[in-house]
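Q: Got a model open here and want a quick walk through it. Can we start with how the elements are counted?

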Amino acid sequence: MPLIELDNLRRSYGGRDGAPETEVLRGVSLRIVAGEFVAIVGASGSGKSTLMHLLGCLDRPSSGTYRFAGRDVAEFDADQLAWLRREAFGFVFQGYHLIATESARENVEIPALYAGLPAEQRQARAAALLTRLGLGERLEHRPSQLSGGQQQRVSIARALMNGGRIILADEPTGALDSHSGQEVMALLRELAGAGHTVILITHDRDVAAQAQRVIEIRDGAIVADSGAQPSASALPLPALDQAGHGRALSWWSAFDEVARSAWRVMWLNRFRTALTLLGIVIGVASVIVMLAIGLGTKQKVLTQMASMGATTLYLYSAQPPEGGPWGVLSEADMLAVAALPEVDLATPVIGNPLNVQYGNVARDIYVYASNEQLPGIHHWPLAAGRFFTASENRALAPVVVLGHKARQVFFRDEPQPLGRQLLIGDAPFEVIGVMAEKGKESGADYYDEMVFIPYQAGRARVYQDILEPEYATLTAASTGQVKAAGEAVRELLLARHGREDFDVDNAAAKVLAEAETQDSMTRMLGLIAAVSLLVGGIGVMNVMLMTVRERTREIGIRMATGARQRDILQQFLGEAVLVTLVGGSVGVALGLLVGAALLLWQVPLIFSFSAMLAAFACAVATGLLFGYLPAKTAAGLDPVVALTLE
Ligand code: ADP
Ligand code: MG
């Protein structure tokens with residue numbers, strides 16, 4: 001059975017978009033058996049390269065059949081063709097077609113990479129092949145650091161990497177000086193002697209004469225053939241039924257290879273990459289900072305709310321807008337307000353700094369007179385003892401509860417102040433409790449410095465000349481009723497007083513409103529950050545599209561050496577993701593830096609790990625999303641078009 005059997009093969013170009021159709025191959029029929037050394041000779045433009053691209057499955061014929069080892073190649077899908085290029089063929093081109101950014105060794109490794117050979121074996125085999133071809137000293141050289149003859153030997157080593165049963169050489173000596181050319185020819189002869197099928201294309205009759213069989217082509221048709229010269233020692237072919245089932249790259253080696261080459265490409269274009277990344281960096285950094293500010297402000301508002309109670313309202317007497325005397329909040333008003341269904345707790349308050357004395361310690365201390373509901377209103381537990389009761393309040397009991405700091409002022413050295421007598425003004429009060437510490441974080445630590453006495457006792461024993469409460473503190477029945485409670489109190493007092501000689505300070509509602517503004521601010525800033533990420537993503541897509549165009553030749557080379565479409569897709573997608581990964585990392589770092597600077601400026605800020613993770617994930621998703629189109633474009637390139645593009 002012939003290895004290669006062409007039957008009336010035709011290939012024409014054009015015929016579409018008004019371009020005239022030209023038939024480049026006009027019915028080529030040809031049989032080549034395994035182990036032959038064939039030269040196809042013809043003038044420039046006679047269709048030799050076109051024929052070689054068809055033979056090497058880089059291109060498909062317009063009509064006619066191509067049987068490879070008895071199988072019609074037209075039935076092979078893209079992956080199976082890639083398998084054939086990888087396992088059966090080895091290409092050697094006039095222009096060497098090495099990847100400029102990779103070393104000699106890495107160039108030779110490429111076919112094995114796509115065949116799924118583990119890295120160490122790959123490297124060892126590539127080094128051995130290059131050493132055999134006299135390039136043992138040049139393994140890590142880039143193509144640009146090698147002479148033409150050396151580059152061509154690298155490309156021969158690459159053709160042999162996966163076995164190279166069939167070597168397709170298109171004008172391999174065309175660009176070489178005569179000495180290097182003779183070396184390359186000697187190599188090809190040696191390979192033919194070792195059982196490789198060698199198909200050599202040349203316009204030079206002297207070169208062609210070195211082959212066992214010479215086929216002459218003119219204007220796309222065979223005009224002479226010296227006849228088949230089968231060799232006894234042909235290399236066995238890879239099992240064709242394995243076509244397309246070849247080992248795929250292991251995840252790790254795919255990742256490793258993609259990351260390595262992507263990093264190199266990024267580094268070579270580092271200025272452009274850095275500019276592209278700016279969008280991603282700014283996007284990620286601002287997402288992180290905005291969320292941190294949002295969280296920080298919200299936390300601050302929440303602490304404020306917790307310390308004052310999320311449902312607290314204040315009621316003051318005031319001068320009515322139309323003028324006249326100040327209003328008076330009577331105790332009857334207080335009772336009526338406390339009875340409203342929207343209101344839960346309420347206390348009248350009188351408070352002033354007074355002289356307070358214990359033993360020989362005397363201080364001006366704020367003496368706060370309220371009813372027994374104060375701990376409930378402020379969600380404020382006791383540290384020791386108890387708060388006074390409603391009946392104690394009614395009975396004008398002379399009892400006092402100390403704030404945390406007030407206790408330290410008077411009873412620094414006493415383990416237990418309960419039962420002691422404190423002199424407030426001129427009246428003795430018995431200590432019955434100590435409040436828990438409010439602390440600095442609460443934003444209300446001034447309460448810690450006060451002492452608390454029953455309202456009625458305060459009126460009767462301390463504030464004799466103050467007849468009415470100075471103000472009242474209320475709590476709404478629930479957080480949802482804060483506004484309603486304010487309205488209800490207002491209506492009630494308007495009805496009772498007949499004029500607006502009071503003021504309801506809805507502190508909780510204000511804080512809530514502030515929290516809402518903060519929320520919408522955060523949302524807006526977050527949106528801006530997201531837009532910045534989007535713009536960054538578009539930048540990445542733009543650069544990736546450019547990269548694909550710039551590296552079309554590289555894509556062609558990779559396909560000719562056996563890359564599947566999926567491998568190319570993986571590579572370019574990997575590059576896009578790596579770019580955004582780097583951008584994301586720099587963005588996170590920048591976000592943290594800016595955040596730290598803001599913290600120094602006393603901006604409340606809380607970094608959240610999940611926000612960072614989310615921003616990072618967004619960046620990578622952007623890479624995947626916007627890298628997909630360019631990667632798909634690259635993978636969809638026609639091998640022969642990609643390869644021959646100038
Ligand atoms: P050779 O390798 O023998 O010099 P080629 O096979 O490269 O010749 O080209 C043969 C003819 O086909 C030339 O006339 C060339 O202009 C034409 N040709 C090759 N590729 C294309 C193409 N992609 N589109 C149109 N014409 C082409
Ligand atoms: Mg040519």
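A: Helices (H or I, at least four residues) and strands (E, at least two) are DSSP runs, numbered from the N terminus. Keep in mind that this is a predicted model.

Q: OK. Where is Asp-219 found?
A: Asp-219 sits in the loop between strand 9 (213–218) and strand 10 (221–225).

Q: Is Asp-219 buried or exposed?
A: Exposed. The relative accessible area of Asp-219 is 54%, and the cut-off for exposed is over 50%.

Q: And Ala-69, what about its phi?
A: Phi of Ala-69 is near 50°, positive in a residue other than glycine. Ala-69 lies in the loop between strand 4 (63–68) and strand 5 (71–72).

Q: Is Ala-69 buried or exposed?
A: Buried. Its relative accessibility is 17%, and buried means under 20%.

Q: Switching to the ligand. Which residues surround ligand 1?
A: Tyr-13, Val-24, Ala-43, Ser-44, Gly-45, Ser-46, Gly-47, Lys-48, Ser-49 and Thr-50. They divide into three nonpolar, six polar and one charged.

Q: Which helix gives the most to that shell around ligand 1?
A: Helix 1 (residues 48–55), with three residues.

Q: What does an oxygen atom of ligand 1 find in the side chain of Thr-50?
A: An N or O atom, 2.5 Å from a ligand 1 oxygen. On the backbone side, a polar atom of Gly-47 is 3.0 Å from an oxygen of ligand 1. For a polar backbone atom of Ser-46, the distance to a ligand 1 oxygen is 3.3 Å.

Q: How much of ligand 1 does the protein bury?
A: 53% of the 560 Å² that ligand 1 exposes when taken alone.

Q: New topic, helix 15. What should its 16 residues span?
A: 22 Å, at 1.5 Å a residue. The end C-alpha atoms of helix 15 (residues 482–497) are 22 Å apart, which agrees.

Q: Which residues of helix 15 are buried?
A: Val-482, Ala-485, Gly-486, Ala-488, Val-489 and Leu-493. Seen down the axis, the buried residues of helix 15 fall within an arc of 165°, so they line one face of the helix.

Q: And which are exposed on the other side of helix 15?
A: Lys-483, Glu-491 and Ala-495.

Q: Last one. Where is Gly-136?
A: In the loop between helix 4 (119–132) and helix 5 (148–160). Gly-136 counts as partly exposed, at 30% relative accessibility.

How values were computed:
Residues are numbered from 1 along each chain as its sequence is written. Chains are lettered from A and ligands numbered from 1 in the order in which they are written. This is a predicted model: local features need pLDDT of at least 70, side-chain atom pairs count only at pLDDT 80 or more; totals for chains, interfaces and linings use all residues. Side-chain values use heavy atoms; hydrogens and water are left out. A residue is near a molecule or strand if one of its heavy atoms lies within 4 Å of it. A polar contact is a pair of N or O atoms within 3.5 Å; within protein, one must be able to donate a hydrogen and the other to accept it, and residues adjacent in sequence count only if both atoms are side-chain atoms. Accessible areas come from the Shrake-Rupley method with a 1.4 Å probe; for residues, only the protein chains shown count as cover. Ala, Val, Leu, Ile, Met, Phe, Trp, Tyr, Cys and Pro count as nonpolar, Asp, Glu, Lys and Arg as charged, and the others, Gly among them, as polar. The expected span of a helix is 1.5 Å times one less than its number of residues. Buried means under 20% relative accessible area, exposed over 50%, partly exposed in between (1.4 Å probe, protein chains only). The arc is that of the directions from the helix axis to the C-beta atoms.
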